[in-house]
Amino acid sequence: MTDDSRGGMALSTTKSPATGRSNVYPRAHACSIFKGDTDQAAAFVPHIVGGLMRNDRCVYISDSLQRDDLFDRIASEASVSQEVLETHITFLSADEVYLKSGRFEKERMLRFIADARDQALREGFCGLTATGEMSWASR
């Protein structure tokens, strides 16, 4: 990945007064603008780790990050087994989610999130934690 400004989405985020790190909370939306891989990881790793700790199904929608790189970054920040990474995280591309019909459709995206949440609950997860790269929007 290059060291350029990119945006990402998380369901919501605030800074923890105790740690200064972002905490992510359900049922809200936040957008992070970052420069480079380090900033990007600082935005999504705590979000995904928090979801794993809550026993959520986690969805990562990627425009450039590879699945193995995602798993390596999460494992470097938290004690998470390979089995948990593979069974709790769904890794999808921006093209198969955001641009499935060749363009972004808000209603389809909202249905995707609702369906993913419902599926996670049916599978016994406590909820859904989702995050995605938005760099596709500048293509």
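Where in the fold is the place of Gln40? The notes below come to that, after a word on the model.

1. **What you are looking at.** This is a predicted model, in which local features need pLDDT of at least 70, side-chain atom pairs count only at pLDDT 80 or more, and totals for chains, interfaces and linings use all residues. Residues are numbered from 1 along each chain as its sequence is written, and side-chain values use heavy atoms, with hydrogens and water left out.

2. **Overall layout.** The chain has five helices and seven strands, where helices (H or I, at least four residues) and strands (E, at least two) are DSSP runs numbered from the N terminus. Along the sequence the order is β-β-β-β-α-β-α-α-β-α-α-β. Of its 139 residues, 42% count as buried; buried means under 20% relative accessible area, exposed over 50%, and partly exposed in between, with a 1.4 Å probe and protein chains only. Among contacts (heavy atoms within 4.5 Å) with a separation of 6 or more, 68% join residues 24 or more positions apart.

3. **Gln40.** Back to the opening question: Gln40 sits in helix α1. Its relative accessibility is 3%, so Gln40 counts as buried. Glu133 is 93 residues away from Gln40 in sequence, yet their C-alpha atoms are 9.0 Å apart in space.

4. **The largest core.** A nonpolar core here is a set of buried Ala, Val, Leu, Ile, Met, Phe, Trp, Tyr and Cys residues joined through side-chain atoms within 4.5 Å. The largest one has 15 residues, and the members touching the most others are Phe44, Ile48, Leu52, Leu70, Ile74, Leu85 and Ile89. Two or more residues each come from α1 (36–53), β5 (57–62) and α2 (67–77), with α1 giving the largest share, six residues. Take Ile48 as an example: leaving aside residues up to four places away in sequence, Ile48 touches Cys58, Val59, Ile74, Ile89 and Thr131. There is also a second, separate core of twelve residues, including Ile61, Ala94, Val97 and Trp136.

5. Leu70, Phe71, Arg73 and Ile74 are the residues to look at in α2, as they are buried. Viewed down the helix axis, the buried residues of α2 fall within an arc of 160°, so they line one face of the helix; the arc is that of the directions from the helix axis to the C-beta atoms. Their cover includes α1, β5, α3 (82–88) and β6 (89–93). On the face turned away from the buried side, α2 carries the exposed residues Asp68, Asp72 and Ser76.

6. **How α1 meets α2.** These helices pack at an angle of about 70°, with axes 9 Å apart. That makes α1 roughly perpendicular to α2, the class for 65 to 115 degrees; under 35 is roughly parallel, over 145 roughly antiparallel, and the rest oblique. Axes are lines fitted to C-alpha atoms, for helices over the stretch in contact, and angles run from 0 to 180 degrees between N-to-C directions. From α1, Asp37, Ala41, Phe44, Val45, Ile48, Val49 and Leu52 meet Leu70, Arg73, Ile74 and Glu77 of α2.

7. **A buried polar pair.** Thr129 belongs to strand β7 (residues 128–133) and is buried, at 2% relative accessible area. Its side chain makes a polar contact of 2.7 Å with that of Asp56. A polar contact is a pair of N or O atoms within 3.5 Å; within protein, one must be able to donate a hydrogen and the other to accept it, and residues adjacent in sequence count only if both atoms are side-chain atoms.
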